Amino acid sequence: MPQIDASPNSASVTSTPRTDGPGTALRVLGRFCGPTSPVVVWNPFDGTAAQVCATGGEPPRLLVGLGEPADADPEIVHRCATAAGREIAAGLIGTARGHTVNVSCDLAAVTAGALGRRRAVRIVTAAVLEGLDSQELSDPVTILLTGLPDDATTQAAVRAGTIEARAVQLAQKLTNARANQLTPTRFADRAAEIAQSSGLWFRCLDDDELRELGFGALLAVGAGSQEPPRLVEVAYLPDKDDSVPAAIALVGKGVTFDSGGLSLKTPSAMTGMFTDKAGACVVLAVMSALGELGVRVPVRGYLPLAENLPGCGATRPGDIVTSLSGKTIEVVDTDFEGRVMMADALAWASRANPAAIVDIATLTYQAMIALGPDIGALIGRDEALAAQVQRAADTVGEPLWQLPFAERYRDQIRSSAPGVDLRNHPGTDVGRALTAALFLAEFVPTHIPWAHVDVLGPTLRGSGPDIRATGFGVRMLIRLIESLQDESVEQLRELSQ
Ligand code: MN
Ligand code: MN
């Protein structure tokens, strides 16, 4: 079992502006390129975004390119600071000093002009720590942010960035855990521990309870595995009041392994399918951070967990299953399992009547075909909520692009079997990200604003056995929740009408 613990690395602000902290082992200096910036050209370093160049001196220096000043946005700053963190970590591999390594870093101060101090400090802190966490280091590293006023604003942003980095790392480690390490049952046990340590309300429905309650769709996805499905529910209740409806509910796809079921994937398509639980991992990681971040609104998280295998008892192509909502689903293709199990989780989440629901899932390959490996697809039935999700993504620099909620394609999710409501396979090989969203929307009553985030591309890096998770979506969802403290979805809808 891999260790899934918080990183020992940390960040803080030095009280003396633009100097090195005590015992500094490395100085990280950010440099813009372009006509208006004091670019340092140090062959081969020219300040291009995310370029890093180590130089000599005492302490040694690491130059980090930030690109053109006019282009500096949250995503670019995050990418540059992550590159810096990775380079710091790479330079420290195998060195054991027996004490904390201090690294002074001016990236937040340099980018504060473009992003504003609060945002720059938070993004740089989270990103450098994320980069550092790419390696297991023998000594903890403290990033000393220099060149900044050491006031409450900076301190709060450093703290928030540190908490975010921990949540991103948790999502990565959970997603990277292999299918035999995090079965639905073990995942639920792990979620219970995380809920306990982060002060979350917790409930796990086991397979007997799921059967009694009528989770026919979730059970159908796990029917071919000896590992029974689970539905984990966690709640962040700042007022300790379980009866208050959540300001938002998050639902994350948790397929702990997707073999395709009887509609079996090819061996190469199956490699890395232990990551098909990334959505659930992201939701759990976000929930784990809310208390420390001091969020003031109640939030609920739902993790439908199942293993999609073709074993004895597996759902067959053509089987009709009755979902929790009462709607019937014709399972045309058992590899289109994500939407089937999400159907029950969305219906269950809706019963608690949250003010909004956002789901996140590695759902369709076609979202990645449309938007490439970096950009996630956002599809909203509610424009105000979709705009709020988009703003959160833009603010933190996790790129999302909105695709249409295309009701014109509704025919593609209707079953032609007599008396059956829906089918899980659209019957065509185009527009599948859109029809998947239409399918999911069937399980959220129209009075609840709902948006869907399809993230196969940006969730994973590398290929084959070297695939690894990015934790994409953690920072966006945290920002979304924070934004709901100021404006509820209901208020936004009224404003936009
Ligand atoms: Mn599948
Ligand atoms: Mn899947």
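## Exercises on a predicted model

Helix H4 has 18 of its 25 residues buried, so the rest of the structure largely encloses this helix. Keep in mind as you work that the model is predicted.

**Exercise 1. Identify the protein donors of the manganese ion (ligand 1) and work out which parts of the chain they bring together.**

Step 1. Start from the metal: its protein donors are Asp 258 (OD), Asp 335 (O), Asp 335 (OD) and Glu 337 (OE), at 2.1 to 2.2 Å. Note that Asp 335 is listed with both O and OD.
Step 2. Along the sequence, the donor residues follow the spacing D-x76-D-x1-E.
Step 3. Check their accessibility, with buried meaning under 20%. Asp 258 has 3% relative accessibility and counts as buried; Glu 337 is buried too, at 2%.

**Exercise 2. Now take the manganese ion (ligand 2): which residues coordinate it, and which residue bridges it to the manganese ion (ligand 1)?**

Step 1. The coordinating atoms come from Lys 253 (NZ), Asp 258 (OD), Asp 276 (OD) and Glu 337 (OE), at 2.0 to 2.5 Å.
Step 2. Their residues are spaced K-x4-D-x17-D-x60-E in sequence.
Step 3. The bridge is Asp 258, and the two manganese ions lie 3.2 Å apart.
Step 4. Asp 258 lies in strand E10, while Asp 276 sits in the loop between helix H8 (267–270) and helix H9 (278–293), so the pair ties together parts 18 residues apart in sequence.
Step 5. Asp 276, at 5% relative accessibility, counts as buried.

**Exercise 3. Classify the ring pairs Phe 215 with Trp 348 and Phe 439 with Phe 443.**

Step 1. Recall the angle limits: planes under 30 degrees apart count as stacked, over 60 as edge-to-face, and the rest as tilted.
Step 2. For Phe 215 and Trp 348, the ring centres are 5.2 Å apart and the planes meet at 55 degrees, so the pair is tilted.
Step 3. Locate these two residues: Phe 215 is in the loop between helix H6 (207–213) and helix H7 (216–222), and Trp 348 is in helix H10, 133 residues apart. Phe 215 is buried at 0% relative accessibility, and Trp 348 is buried at 13%.
Step 4. For Phe 439 and Phe 443, the centres are 5.5 Å apart with planes at 45 degrees, so this pair is tilted. Phe 439 is buried, at 0%, as is Phe 443, at 3%.
Step 5. Look for a charge by Phe 443: the charged end of Lys 327 sits over its ring, 6.0 Å from the centre.

Terms used: Residues are numbered from 1 along each chain as its sequence is written. Chains are lettered from A and ligands numbered from 1 in the order in which they are written. This is a predicted model: local features need pLDDT of at least 70, side-chain atom pairs count only at pLDDT 80 or more; totals for chains, interfaces and linings use all residues. Side-chain values use heavy atoms; hydrogens and water are left out. Donors are N, O and S atoms within 2.8 Å of the metal (3.2 Å for Na, K and Ca); water is not among the atoms, so sites may look incomplete. Helices (H or I, at least four residues) and strands (E, at least two) are DSSP runs, numbered from the N terminus. Buried means under 20% relative accessible area, exposed over 50%, partly exposed in between (1.4 Å probe, protein chains only). Rings of Phe, Tyr and Trp (its six-membered ring) pair if their centres lie within 6.5 Å; planes under 30 degrees apart count as stacked, over 60 as edge-to-face and the rest as tilted. A charge sits over a ring if NZ of Lys or CZ of Arg is within 6 Å of the ring centre and within 35 degrees of the ring normal.
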